[in-house]
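I'm opening my notebook on this one and jotting down what I look up as I go.

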Amino acid sequence: MMVLGSTFACLLFCLGRLTMAKQLQEWGDNPSFSVFVSPSGISDIHAAASPKGLIRTQEPPEEIQFWQQPVAASRTQEAFKHRHQCKDEDVLRETFDYLKYVTAGDFRCADIRRRLGHVHGLGFLSVNQRKVSLELSKAPSVWGDPLPSTDVKRAVHFQKIVQDLLDEVDLPDMEFAVHFPDDNVPTLLDGTPILQNQGRVGKDLLHVPRSLWDILSGNMSTKTNDIANITCASRIPKAVFRGAPTGFDGPSNSSGAAFQEATLRNWRYRVASLSARRPDILDAGFHHIYGGWSSFQSSMKHVMKDPLTDQQLACYSAVVVVDGNTLADRLPHQLKYGIPVILLHHANMSFTQANYRAITTSIDEFWYPELTAGQDYMQASTENLEGLLDTMSKSWSSYKSIGSRGRTYVMNALGTDRLKCYMYQLLSEYGRYCLVPTANKTG
């Protein structure tokens, strides 16, 4: 009896193995699954169309490299582009054409951490087998300060953005550098293109900026989702601004002369001062101060105001957006209010750092040229803002269509799909020049 039992068990086992082999052969002709070797050395068979789902076997092929493995149908470039309705980004094509021209097609990708570790504010990200790691430069700023916690958080958030992309679609293994502080670095550092938040559109390697990260990550809060649908019982007949007196032209010391100079040169302070003089057309002020301004609290009482919520801001007749230390991250957010945005934006700003020469550069995000002044927003300067507001205040309702077009642009052109496509095209194109391992690439 024991012999018969053993024989029967053996027959069942062999029959099971033959059945599995036959099933795998049948699935092998089905494009809806793929077999790849996981880092643990276990073959994962993804059979989306199969009722048996996921099967694991302890008999993976040996010595199969990551880039030699078949790709799941859902992870292919074609599937990703179809899922997100991707279109070629002309601005990225223009950027890479420019970079290929200035580098003669030879990006220096080898040993980036060692070569650029002395540059403050850089983060080094490595993509390796669908995982991304992050290392931050420990170099101090020109003032001897370490990387602020705000920039560290930005770096960690950016790492998550890249990992979220890798969880959905394959990218080449590669290494790249990203600049996180508010200032800018040159387009190339030691021959290596640096990913930046802002800069020259079509020349600098601009990633999806932090002003759009909430959309890209798909984690927009209820408040952010709802701001495009705010309703107002009545509209306040004036423009509004709230913020902090950020700007490169803050007081350099605690002297009265430094304060007076800063108030004349700082754009946000000049907007707040206009409000103090012309409260009939503008409600502007600071809800907090910091840095060099803190020594002059008593002199700034006339420009201090209570903070306002999105609901309150959106019920004015226009909102003023003013550059601070660099561009204003709030621009796409406040375009969603559906009221006219009046933008005060620097054509260029100058940045001085210890690790490289001083540069003067534009501070646009990649999508800025897609907006049209006078149609999607109103353009102004500190010199003509009062005159513009005087004109608009004669008939605020005449400018309603500008607010509507600005909101429509953000909702239609800057959605999650478009931003994922942009990041994928940016990193996949970069990866063509900076594949890992980089040891074989001239540095």
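Entry 1: I started with Q85, which sits in the loop between helix 2 (77-84) and helix 3 (90-103). This is a predicted model, so I'm reading a prediction here. Is Q85 buried or exposed? I checked, and Q85 is exposed, with a relative accessible area of 64%.

Then I looked at the loop between helix 3 and helix 4 (112-116), where A104 lies. A104 isn't a glycine either, yet its phi is positive, about 55°. I looked up its accessibility too: A104 comes out at 71%, so it counts as exposed, the cut-off being over 50%.

**Entry 2: a hairpin.** Next I followed strand 4 (residues 122-128) and strand 5 (residues 131-136), which pair in the antiparallel sense over 6 bridges. In that pairing I found S126 opposite S133 in strand 5. The hairpin has 2 residues between the strands, and Q129 takes a positive phi near 50° there.

Entry 3: Which residues of helix 8 (residues 256-265) are buried? I got A258, F259, A262 and T263. They cover an arc of only 130° around the axis, which puts them on the same side of helix 8.

Entry 4: I traced 5 strands that form an open sheet with parallel pairing, in the order 12-11-13-14-17. Its edge strands are strand 12 (282-286) and strand 17 (378-379), each pairing on one side only. Helix 9 turned up again here: it packs on the sheet and touches strand 11 (236-243), strand 12, strand 13 (316-322) and strand 14. I noted that the direction of helix 9 makes about 130° with that of strand 12. Over at strand 17, I saw 2 bridges joining it to strand 14 (residues 341-344), and the two run parallel. I342 stands opposite M378 in strand 17.

**Entry 5: the cores.** How many residues does the largest nonpolar core have? It has 78, and those with the most contacts inside it are F158, F176 and W367. Helix 14 (residues 416-433) gives the most to this core, with 8 residues. Apart from it lies another core, of 31 residues, among them V322, L388, Y399 and I402. I went back to W367 and left aside its neighbours within four places in sequence; its contacts include P209, L212, L331, Y409 and L414.

Entry 6: The mean pLDDT of the protein is 82, and 78% of its residues reach 70 or more. Over residues 15-68, though, the pLDDT is below 50, and this stretch has 67 contacts in the model beyond near neighbours in sequence. Residues 437-443 are also below 50, with 10 such contacts.

Note on methods:
Residues are numbered from 1 along each chain as its sequence is written. This is a predicted model: local features need pLDDT of at least 70, side-chain atom pairs count only at pLDDT 80 or more; totals for chains, interfaces and linings use all residues. Side-chain values use heavy atoms; hydrogens and water are left out. Buried means under 20% relative accessible area, exposed over 50%, partly exposed in between (1.4 Å probe, protein chains only). Helices (H or I, at least four residues) and strands (E, at least two) are DSSP runs, numbered from the N terminus. The arc is that of the directions from the helix axis to the C-beta atoms. A nonpolar core is a set of buried Ala, Val, Leu, Ile, Met, Phe, Trp, Tyr and Cys residues joined through side-chain atoms within 4.5 Å. Contact means heavy atoms within 4.5 Å. Two strands pair if DSSP finds at least two bridges between them. Axes are lines fitted to C-alpha atoms, for helices over the stretch in contact, and angles run from 0 to 180 degrees between N-to-C directions. pLDDT is the predictor's confidence in each residue, from 0 to 100.
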